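Which parts of a model can be read from distances, angles and accessible areas alone? The questions below go through that step by step.

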Amino acid sequence: MLDKTKFGWWKSAVFYQIYPKSFQDSDGDGLGDIPGIISRLDYLETLGVDGVWLSPVCASPQADNGYDISDYRAIWPPFGTLRDMERLIAEAKKRGISIIMDLVLNHTSDEHPWFREALRGRDNPYHDYYVWRDGTPDCPPNDMRACFGGPAWEYVPELQQYYFHQFAVKQPDLNWDNPQVRRELYDMIRFWVDKGVEGFRLDVIDQIAKEPDRKITARGPRLHEYVRELSANAFLEPGLVTVGEAWSADPEEAKRWSARDGSELSMVFQFEHITLDQGPEKWDVRPLELVKLKRCLERWQRELHGQGWNSLFLNNHDLPRIVSRWGDPGKYRVQSAKCLAALLHGLEGTPYIYQGEELGMTNIPLALEDYEDLETVNMIAERREKGFSDGEILASARARSRDNARTPMQWDDSKNAGFTTGTPWFFGNPNYREINAAAALRDPESVFWFYRRLIALRKELAVLREGDFALLCPEDPAVFAYVRRTAREKLLVVCNMTGNEQAFAGPPEFASGRLLLSNYEDDRKTPGLLRPWETRMEYLEG
Ligand code: TEU
């Protein structure tokens, strides 16, 4: 059992991300909810995870599926009540599972009372909670664009001012230069800590110190000053685990974010590896060059070893399903899902599993009119405007839309995959009849039990938690292999990242290694050869 009062307990832990809207509905309204999550805690305990990162559950008009909060201390009614949340925290704790809440501190919903007040006048005490600039309807302060398309400035005629929004128009940016804003947010965080929340994921935390007059959004000059103040005022307990979403982070920055004195956060989500298979925009799909991925992960492992702490992830609610993106969703779906899992979980850092990843869930082939996510809907309109064909746009959406990750969790082969007895809020993947948790639990060779073994190994093997990293065959375009080492242990992780047989001669010392894990039932090892998507973890002691 991990001592979660101690700083650093997360270095032996594995976390699971739940997108509440799509996880489990309990009352038949077609929306996932907190009682539904409670009903699935035994499943998560079987998997063996130590914590659950909940995407936002607070009150919200749902313009961005909850990342537009209108009341930080209330639960969105279709998700349940504060009492349900307290019950979830207690029931999860009984099973050794910490609840990690998603904190959206960069912006609120435009329906938050603070913003409603701010609109009432320039001298309203809440006006300066947001970022305003004088202007005229046809002359915004500058030409900054929002992440979801369109200008980053929205004009309010009654005030003859623009407000700044890095994301949707309905997500006005909070003004972090205002100490009263910071104080309100720290108090809110303590409200949740007092309810028993044991960690936080911090939405776009690297964008809070924006300076729009200088067109600065990420890594603003006062960023780490604000994060240190946030940590000192809100993350008081050494055992609170905090993970910041930082698209702009490089290894140097990540060392600051995960400073070992606890002065900032526990770790960050960095995205360098996730952007290797795209062009100027994420919609410009490019093939993944494995050598680039190997170089990227090797750098992050080497630079943070003993200097900071990595998060490890390949999936989340904003990303397409990795088995469709870098694996094989067809013939070798199970092998490739396991291969990608071993690649990630063999690294140093805290791994995150996104709901359904442990089943090898795949992307969903939607029609253009079916997309729900506002980022995708805006892209479709923008690219049609720019003259892209619907075929090109559909290919981009199917490959990269966030909606790929937001299809309902596939629990069994009954109607709606056991997600709801009502009409699901979003399309379910038709492959749920083959890919579902009930089938996985019955099949000892399923992706699920492979993940459970990986999670258990992290607690068993010090070399997984603290070993160094040495990349093997760095220029091989098909095989990802590396060795982790401590003074007493060595671990070899080998991944054939293709659907073809590949030659691979591992380090001779591992000839006498113990096979810990493989994704072929017969575990047969043909010296010097790897089968399609074959992965193996081999262990040496002494
Ligand atoms: O995401 C921040 C963010 O930058 C991503 O939305 C990114 O722009 C996009 O996914 C590129 O693929 C966080 C949350 O994870 C996301 O769900 C929210 O929509 C966004 O912030 C605004 O809160």
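Predicted model: local features only at pLDDT ≥ 70, side-chain atom pairs only at ≥ 80, totals over all residues.

Q: How far is a polar side-chain atom of Asp318 from an oxygen atom of the ligand?
A: A pair of N or O atoms is a polar contact within 3.5 Å. The side chain of Arg201 has an N or O atom 3.0 Å from a ligand oxygen, and for the side chain of Lys282 the distance is 2.7 Å. For Asp318, the distance from a polar side-chain atom to an oxygen of the ligand is 2.5 Å.

Q: What percentage of the area that the ligand exposes when taken alone does the protein bury?
A: Besides the side-chain distance of 2.5 Å at Asp318, there is an area to consider. Taken alone, the ligand exposes 480 Å². The share of this area buried by the protein is 94%.

Q: What is the reach of helix H10 from its first C-alpha to its last?
A: H10 covers residues 333–345, which is 13 residues. At 1.5 Å a residue, the expected span is 18 Å. The reach in the model is close to that, at 18 Å.

Q: Why is H10 described as largely enclosed by the rest of the structure?
A: Buried means under 20% relative accessible area. The buried residues of H10 include Arg333, Lys338 and His345, along with Leu340, Leu343 and Leu344. H10 is largely enclosed because the number of its 13 residues that are buried is twelve.

Q: Is Gln160 buried or exposed?
A: Gln160 lies in the loop between strand S7 (153–156) and strand S8 (161–164). Its phi is positive, about 50°, although Gln160 is not a glycine. The cut-off for exposed is over 50% relative accessible area. At 51%, Gln160 is exposed.

Q: Is Val204 buried or exposed?
A: Val204 is in the loop between strand S9 (199–202) and helix H6 (223–234). Its phi is near 35°, a positive value in a residue other than glycine. With a relative accessible area of 4%, Val204 is buried.

Q: What distance separates the C-alpha atoms of Leu41 and Val52?
A: Leu41 belongs to helix H2 (residues 41–47) and is buried, with a relative accessible area of 1%. Along the chain, Leu41 and Val52 are eleven residues apart. Their C-alpha atoms are separated by 9.9 Å.

Q: How far apart in space are Gly528 and Gly506, C-alpha to C-alpha?
A: Gly528 is in the loop between strand S18 (514–518) and strand S19 (529–530). Gly528 is partly exposed, with a relative accessible area of 34%. In sequence, Gly528 and Gly506 are 22 residues apart. In space, C-alpha to C-alpha, the distance is 7.4 Å.

Q: What distance separates the C-alpha atoms of Asp84 and Ile38?
A: Asp84 is part of helix H3 (residues 82–94). Its relative accessible area is 15%, so Asp84 is buried. Asp84 and Ile38 are 46 residues apart along the chain, and their C-alpha atoms are separated by 8.8 Å.

Conventions. Residues numbered from 1 in each chain as written. Heavy atoms only, no water. Helix = DSSP H or I, 4+ residues; strand = E, 2+ residues; numbered from the N terminus. Expected span 1.5 Å × (residues − 1). Buried < 20%, exposed > 50% of the residue type's maximum accessible area, 1.4 Å probe, protein only. Polar contact = N/O pair within 3.5 Å; in protein donor to acceptor, adjacent residues only side chain to side chain. Areas by Shrake-Rupley, 256 points an atom, 1.4 Å probe, with all protein chains shown as cover.
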